Amino acid sequence: SKISDWHKLIVDFRDQFPYDEFTALIVETFANSLDAGATIVRIEVKEDIFRISDNGKGMTQNEFEQYHNIASLSKTRGESIGFAGVGAKIFLDCATHIITETKSRNFHGSTFWEFPGKVPTYKIIGNPNRFRYEYDLGTYIEIKVREDMDRKNLTPSFVKDVLKTYYNTALLGHYNLKEVYINNEILYGEEIFRSDIENNERSEIQIQ
């Protein structure tokens with residue numbers, strides 16, 4: 001049936017990852033922020049809501065359309081950090097809805113995306129900036145998790161552990177990234193980075 005086909009497609013995307021749904025969501029959405037050249041990424045988790053925003057280059061109109069096509073991969077495998085641009089769609093069957101707003105140099109749009117029945121559907125939200133948006137360019141994503149999902153991993157500490165596990169290189173300054181916030185507390189910034197380096201250097205001296 002159609003509903004099983006669409007669900008199977010999303011599950012097949014997610015099965016490419018060797019970890020749970022929430023880890024896949026964090027890994028993929030953060031990867032897309034890095035791919036967009038973001039220097040600032042903000043993540044917020046609260047009860048049943050996951051939000052991520054960045055000051056990257058945003059999506060063009062065509063990229064935004066492809067973003068909503070779960071049967072299409074908008075990036076070339078090997079040319080991006082994320083899994084070929086799957087992004088938030090990897091969590092669509094686990095979400096009540098996904099709200100996305102993006103601003104690039106030539107496009108600004110926002111959508112409400114859900115999976116209520118046989119097929120995923122989205123609608124254009126006609127008043128961009130109605131949601132919290134902080135940068136001249138970038139992307140904002142808000143995901144409401146379904147009530148029947150086990151939300152024990154939807155916590156700031158879990159997000160922090162995932163980022164440190166899978167994005168240690170990014171957090172050590174090897175990308176454009178300058179600041180990462182989780183629930184308005186800074187996980188990574190220039191001062192913290194310098195402090196980490198100094199601590200590592202002191203540890204190496206003690207070992208020697």
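Predicted model: local features only at pLDDT ≥ 70, side-chain atom pairs only at ≥ 80, totals over all residues.

Colleague: Noted. Which residue forms a salt bridge with Asp148?
Modeller: That would be Arg146, and the closest N and O atoms of the pair are 2.7 Å apart. Arg146 counts as partly exposed, at 26% relative accessibility.

Colleague: How many salt bridges does a search of the whole structure find?
Modeller: The search comes up with 4 salt bridges.

Colleague: Which residues are linked in a network of salt bridges?
Modeller: Glu44, Arg51 and Glu142 are linked that way. Arg51 pairs with Glu44, with the closest N and O atoms 3.3 Å apart. Arg51 also forms a salt bridge with Glu142, where the closest N and O atoms are 3.0 Å apart.

Colleague: Let's zoom out. How many helices and strands does the protein have?
Modeller: There are 6 helices and 8 strands. Along the sequence, the pattern runs α-α-β-β-α-β-β-β-β-α-α-β-β-α.

Colleague: What share of the residues is buried?
Modeller: Buried residues make up 47% of the 208 residues. The accessible surface comes to about 11200 Å², and 45% of that belongs to carbon and sulfur atoms.

Colleague: What about contacts between residues 24 or more positions apart?
Modeller: Such residues account for 65% of the contacts with a separation of 6 or more.

Colleague: Now a helix. Which residues are buried in α4?
Modeller: In α4, which spans residues 156-166, Phe158, Val159, Val162 and Leu163 are buried. Looking down the helix axis, the buried residues fall within an arc of 130°, so they line one face of α4.

Colleague: Why would residues three or four places apart point the same way?
Modeller: An α-helix has 3.6 residues a turn, so residues with that spacing point the same way.

Colleague: What do the buried residues of α4 pack against?
Modeller: They pack against α2 (21-35), β1 (40-46), α5 (168-174), β7 (179-182) and β8 (185-188).

Colleague: Before I go, where is confidence lowest, and where is it highest?
Modeller: Confidence is lowest in helix α6 (residues 190-207), at a mean of 51, and highest in β2, at 96. Over residues 73-84 the pLDDT is below 50, yet beyond near neighbours in sequence this stretch has 24 contacts in the model. Residues 201-208 also stay under 50, and for them the model has 0 contacts beyond four places in sequence.

Colleague: What does the pLDDT average over the protein?
Modeller: The average is 80, and 78% of the residues score at least 70.

Notes:
Residues numbered from 1 in each chain as written. Heavy atoms only, no water. Salt bridge = Lys/Arg side-chain N within 4 Å of Asp/Glu carboxyl O. Buried < 20%, exposed > 50% of the residue type's maximum accessible area, 1.4 Å probe, protein only. Helix = DSSP H or I, 4+ residues; strand = E, 2+ residues; numbered from the N terminus. Contact = heavy atoms within 4.5 Å. Areas by Shrake-Rupley, 256 points an atom, 1.4 Å probe, with all protein chains shown as cover. Arc of directions from axis to C-beta. pLDDT = per-residue confidence, 0-100.
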